[in-house]
Amino acid sequence: MALSLPFDPIQRSEEAEKCVMRGESRMYHKFRAAPYYGGIATADAIGCSFLCAYCWNYGRNENPPRSGNFYSPEDVADRLLEISRRRNYHLFRITGSEPILGEASFQHLLKVIEIVFQESSEAEFVLETNGLMLGYREDLADRLKFRNLLVRVAIKGVDPASFEKIAGVRREFFSCPLLALKKMESLGVRAWPAVMEDFFSKAEIDALKKTLRQNEIRAELELECLEPYPFVLENMRKRGLSIRG
Ligand code: SF4
């Protein structure tokens, strides 16, 4: 999947979905107990519609392996539930990728969530998404009405230009995560925006908060911190990105 930046993320989603889905099964590379959110059962999937300079799964998302391990929704849920029982966790997530690339991956995700909620009455599922497809296809958010679902939308930039530079995708798609957040708020789905704080000044973050309010997004903005792995710093350098001191 040779990429020239910035690219069309909708086309990229379709291509990624063809690589990482086989029927109902999706390609994953790991299942683990992770310390984030105070402890969360985590499935690391492969395949994304973006190619963020700071992605810790950059190589796999840039070029998904030609042959990987595919897991059915039942397999994924079983593995997550086993981790949660062993660690006494109540939080679950799929990460390292975009969970929603198209209809097949969305169906896979919904089934994983449904099984987890059937098997664990205390479970909360954190859907970590870049918000592209949830904003691009208005019908998808309607199907996310689970009582214990939390949706964290990484909006990548503070404006279209910074979004394009960080996510590697065309700037006009900056509006998609905002549309997704607005729609989910209107549906009563618990969702909030997140952005990597390290690239922006306080004034730029304040301007983003104003943009969110103008788009009728009332949820609080989460400020993320960069994990500066050496390959992340190298990818950022190639993209012309630097951390603010
Ligand atoms: S949206 Fe997330 S998974 Fe996709 S490239 Fe960006 S950081 Fe990686």
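Strand β3 (residues 40–45) and strand β5 pair in the parallel sense over four bridges. Strands, like helices, are DSSP runs numbered from the N terminus (E, at least two residues, for strands; H or I, at least four, for helices). Two strands pair if DSSP finds at least two bridges between them. Across this pairing, Thr42 stands opposite Arg93 in β5. The model is predicted: local features need pLDDT of at least 70, side-chain atom pairs count only at pLDDT 80 or more, and totals for chains, interfaces and linings use all residues. Residues are numbered from 1 along each chain as its sequence is written, and side-chain values use heavy atoms, with hydrogens and water left out.

β5 also pairs with strand β6 (residues 124–129), again in the parallel sense and over four bridges. Here Ile94 has Leu127 of β6 as its bridge partner. From β5 the chain crosses through helix α4 (residues 103–119) to β6. This β-α-β crossover is right-handed: with the strands pointing away from the viewer, the path from the first strand over the helix to the second runs clockwise.

Five of the five residues of β5 (residues 91–95) are buried, so this strand is largely enclosed by the rest of the structure. Buried means under 20% relative accessible area, exposed over 50%, and partly exposed in between (1.4 Å probe, protein chains only). In a regular strand the side chains alternate between the two faces of the sheet. Leu91, Arg93 and Thr95 point one way from β5, and Phe92 and Ile94 point the other way.

The disulfide count is zero (a disulfide is a pair of cysteine sulfur atoms within 2.5 Å). Cys225 is in no disulfide; its nearest cysteine sulfur, that of Cys52, is 16 Å away. Cys225 is exposed, with a relative accessible area of 58%. Cys48 is buried, at 10%.
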